[in-house]
Amino acid sequence: MLEWHLARRGITDALVLGAMGSVPREEFVRAELRGQAYADHPLPIGDGQTISQPYIVALMAQAARVDAGSRVLEIGTGSGYAAAVLAAIAGEVWSIERMPRLAARAGDLLARLGYTNAHVRLADGTLGLAEHAPYDAIIVSAAGPAVPEALREQLAPTGRLVLPLEDVSGWQTLVVVHRGDPASTGTAAGEWEHESLGGVRFVPLIGEQGWDSEKNLWSPF
Ligand code: SAH
């Protein structure tokens, strides 16, 4: 998986490759799907949700520049797989899930596998998690219509927010949001910059600063 799906597609960050190699992805997929655990596509995890494709998890961690000292916030715990990858790299990871069953299952699994620095919360992640802010990296694993203001506010000055945004036609783009560095970009300090990483497909981000209903609920299964 590392060689075929990641290194050849531009994942070069050694910390990310190391974490992708260390997390047992089969633990995060249902027993009957274990044979596909290392194939590079999303898989169903129940409640109409999916575990992210390995390449996308790696791409988001790399784009967010997560390192050993990072305090990370993830929105959309799902199976807990991305949270485990982030916890294998970072100092502390808080991951928020809005569906009680998924939050409970992921929390138990992360504890059982020994990811003691990964903390799962049941809440609306579009509001972030103010009590542990600021975060060096915020990774959103579900697609909303705009950047939630709360997440910008909870990002450290040099932090990076990586999230899929969906336009009116339903097209999703993975975006990195960060404050400009006046020295290298010529922009004023604190001005927001957006970089696109290309087209993606995520389930909807539902919450106060996301979609307001389960409209568009997407499931390929
Ligand atoms: N990163 C996950 C994939 C998650 S799929 C993994 O590796 O398995 C996206 C998840 O986001 C779903 O579980 C969905 O319930 C959750 N979600 C959607 N909107 C949310 C919100 N506002 N707050 C928290 N979780 C949300």
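**Close-up views of a predicted model**

**View 1. Strand β7 and its burial.** Strand β7 (residues 155-166) has ten of its twelve residues buried, so the strand is largely enclosed by the rest of the structure. Buried means under 20% relative accessible area, exposed means over 50%, and partly exposed lies in between (1.4 Å probe, protein chains only). Strands (E, at least two residues) and helices (H or I, at least four residues) are DSSP runs, numbered from the N terminus. This is a predicted model, in which local features need pLDDT of at least 70 and side-chain atom pairs count only at pLDDT 80 or more, while totals for chains, interfaces and linings use all residues. Residues are numbered from 1 along each chain as its sequence is written, and side-chain values use heavy atoms, with hydrogens and water left out.

**View 2. The partners of β7.** Strand β6 (residues 135-140) runs parallel to β7 and is joined to it by four bridges. Two strands pair if DSSP finds at least two bridges between them. Y135 stands opposite L155 in β7. With strand β8 (residues 172-179), β7 runs antiparallel, and seven bridges join the two. L161 has V177 in β8 as its bridge partner. Five residues lie between β7 and β8, which form a hairpin. In the turn, G170 has a positive phi of about 95°.

View 3. In helix α2 (residues 14-22), the buried residues are V16, A19 and M20. They cover an arc of only 100° around the axis, which puts them on the same side of α2. The arc is that of the directions from the helix axis to the C-beta atoms. These buried residues pack against α1 (2-6), α3 (54-63) and α4 (81-89), where contact means heavy atoms within 4.5 Å. The exposed residues A14 and G21 are carried on the face turned away from the buried side. At the start of α2, the backbone nitrogen of L15 has a side-chain oxygen of D13 within 2.8 Å.

View 4. Of the 28 residues around the ligand, S79, E97, D124, G125 and I206 come nearest; a residue counts as near if one of its heavy atoms lies within 4 Å. An N or O atom in the side chain of D124 is 3.0 Å from a nitrogen atom of the ligand. Taken alone, the ligand exposes 580 Å², and the protein buries 99% of that. These accessible areas come from the Shrake-Rupley method with a 1.4 Å probe; for residues, only the protein chains shown count as cover.

Conventions
Polar contact = N/O pair within 3.5 Å; in protein donor to acceptor, adjacent residues only side chain to side chain.
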